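I opened a new structure today and kept notes as I went. Here is what I looked up, in the order I looked.

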Amino acid sequence: MTKVMTNFLHYIYFPWVNYSKNGRDVKKLSAYLWKLSCEILQARIETRKELGEETDGQPTFYSDVLIQKAKDYKLSWEETGKLATDFLVAGFDTSAVTTSYIILMLAMFPEHQEAVYQEQLDILGEDPEVAPTWEQLSKMVYLTRVVKEVMRLYCPLAILRHVRNDLDLGQDYKLPKGCTVIISFYSLHRNPTFWSQPEKFYPDHFLPEECAKRPKNAYYPFSWGPRSCPG
């Protein structure tokens, strides 16, 4: 997908995506994921029937919500698979990548690893089998800063948005209706105007006093609004 988005030819004539090798690869992978998503939802329907549950009853898992929405909007199974794939991918890929970078950063910076470890001991004690409560999770302020800093540095590269109306950004910058805008999270999250240590792993970027200095939209690794990342 990244190769498709960064290919200059696709900006000149986007339908060329359908004929390029990268475009064909993306379509092939997407079709596989759509099919897999449908199979997962179908298996969930069969499981509920075996358990004697009403398939239109109160949803237990998010898959049940997706199935209900598909029925409400009279979606085909292909359309349902496309809808479910967003959550299937977002449910494991974003979490796995973020967790991997968290472990990497803590390994590279033992002082932060030790601080996170001591915080866990203070909150949970030394029993590794203890499942944290929501109240205990809310007390993990240092770990929260680490997670947010990881997502600042290792966020999605960018998103694209279609401008529906002329947009005046001020300072003589105007975006005409119909253009496509690339919003670079990578650049935004490393802008020295908003970040005191833009290129470093620095969890103190997310101290309350530091957050208060920045505008809200200086940090949004999952975007904002109804089109934000379901991850």
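**Where two helices meet**

I started at a contact between two helices: Leu106, Ala107 and Met108 in α5 meet Pro110, His112, Gln113 and Val116 in α6. I sorted the residues of this contact and got five nonpolar, two polar and no charged. This is a predicted model, so I keep that in mind throughout.

Next I checked the geometry. Helix α6 covers residues 110–124, and it packs against α5 at an angle of about 110°, with the axes 5 Å apart. Angles of 65 to 115 degrees count as roughly perpendicular, so that is how α5 and α6 lie to each other.

**The other neighbor of α5**

What does α4 do with α5? Their axes come within 10 Å and cross at roughly 150°. Here α4 is residues 62–72 and α5 is residues 77–108. With the cut-off for roughly antiparallel at over 145, α4 and α5 are therefore roughly antiparallel. I noted the crossing of α4 and α5 as right-handed. Tyr62, Leu66 and Ala70 of α4 make the contact with Thr80, Leu83, Ala84 and Phe87 of α5. That contact divides into six nonpolar residues, one polar and no charged.

**Stepping back**

I then looked at the whole protein, which has 10 helices and four strands. Along the sequence the pattern reads α-α-α-α-α-α-α-α-β-β-β-β-α-α. Its radius of gyration is 22 Å, well over the 17 Å from the globule rule for 231 residues, so the protein is more spread out than a compact globule. The C-alpha trace spans about 60 × 50 × 30 Å along its principal axes. Last entry: 28% of the 231 residues count as buried.

Notes:
Residues numbered from 1 in each chain as written. Predicted model: local features only at pLDDT ≥ 70, side-chain atom pairs only at ≥ 80, totals over all residues. Heavy atoms only, no water. Axes fitted to C-alpha atoms, helices over the stretch in contact; angles between N-to-C directions. Parallel < 35°, antiparallel > 145°, perpendicular 65-115°, else oblique. Left-handed = near helix turned anticlockwise from the far one by under 90°. Contact = heavy atoms within 4.5 Å. Nonpolar A, V, L, I, M, F, W, Y, C, P; charged D, E, K, R; others polar. Rg over C-alpha atoms; globule rule 2.2 N^0.38 Å. Buried < 20%, exposed > 50% of the residue type's maximum accessible area, 1.4 Å probe, protein only.
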